[in-house]
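Hi,

Here is the structure I promised to pass on.

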Amino acid sequence: RDGIVMASDRSELSFPESQAHGTGSVTNMVNKIRIDSSGRFAWAFSGGKPGLLAASYLERKFELSIADADLKRILRECGDLGWENGASGAGNSTVVLTDGKNKNILRAILAYKSTMVSEIEDGRYFTGQDYSKAPFFPSRFYSEQMSVAELAVLASYAVVMAGELDPLLIAGLDVVIYHDSVGRFDFADVDSYQAGRKR
């Protein structure tokens with residue numbers, strides 16, 4: 001009722017492109033959420049290298065400023081470029097862009113020269129590990145009457161629980177909150193949201 005919340009894990013799992021490069025995997029902890037300099041927009045990526053690249057290209061576009069009418073086109077172009085420069089086979093990469101001022105959520109599903117951008121209509125969106133049971137909690141308990149303080153707890157719980165269910169692929173937590181009263185996204189201190197996970 002008083003803003004927007006975006007939450008993400010921090011785990012980035014990398015595999016070799018082919019057996020010729022070796023076997024095994026490596027996990028890095030990275031921030032998947034970005035905020036533009038005005039604080040009006042926040043975006044996050046999921047999936048592999050194409051999503052990371054698309055999110056980075058979008059950050060550069062925001063540094064130059066983007067007109068509202070161009071948002072979908074720029075997001076599509078960044079998605080196409082991210083896929084072109086980062087794909088090494090089939091994959092599932094997504095960038096989600098949120099406009100705090102206008103309360104819009106745009107989703108870009110990346111593909112070679114055919115990134116698809118859609119506006120999310122029900123005010124909430126899940127991406128990444130689509131088969132996880134963790135989104136049950138916000139799906140079941142979310143209400144438009146929640147404050148961002150309440151919603152941040154619920155969104156964080158979903159991410160933390162996803163990590164409990166699959167610690168190989170999901171770990172860490174970042175949360176950004178857009179307070180209508182402040183008019184910008186800011187990173188939240190996630191220590192209190194992760195407290196229940198510590199044993």
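Glu 77 sits in helix H2 (helices are DSSP runs of H or I, at least four residues, and strands are runs of E, at least two, numbered from the N terminus). With 35% relative accessibility, Glu 77 counts as partly exposed; buried means under 20% relative accessible area, exposed over 50%, and partly exposed in between (1.4 Å probe, protein chains only). Its C-alpha is 9.8 Å from that of Leu 110, 33 residues apart in sequence.

A word on the source: this is a predicted model, where local features need pLDDT of at least 70 and side-chain atom pairs count only at pLDDT 80 or more, while totals for chains, interfaces and linings use all residues. Residues are numbered from 1 along each chain as its sequence is written, and side-chain values use heavy atoms, with hydrogens and water left out.

Back to H2: its axis (residues 71–86) and that of helix H1 (residues 49–64) come within 7 Å and cross at roughly 135°. Axes are lines fitted to C-alpha atoms, for helices over the stretch in contact, and angles run from 0 to 180 degrees between N-to-C directions. That angle makes H1 oblique to H2 (under 35 degrees is roughly parallel, over 145 roughly antiparallel, 65 to 115 roughly perpendicular, the rest oblique).

Over in helix H4 you'll find Leu 151, which counts as buried at 18% relative accessibility. Leu 151 and Phe 141 are ten residues apart in sequence and 9.6 Å apart in space, C-alpha to C-alpha.

Leu 169 lies in the loop between helix H4 (148–165) and strand S9 (174–179), and at 31% relative accessibility it counts as partly exposed.

Cheers
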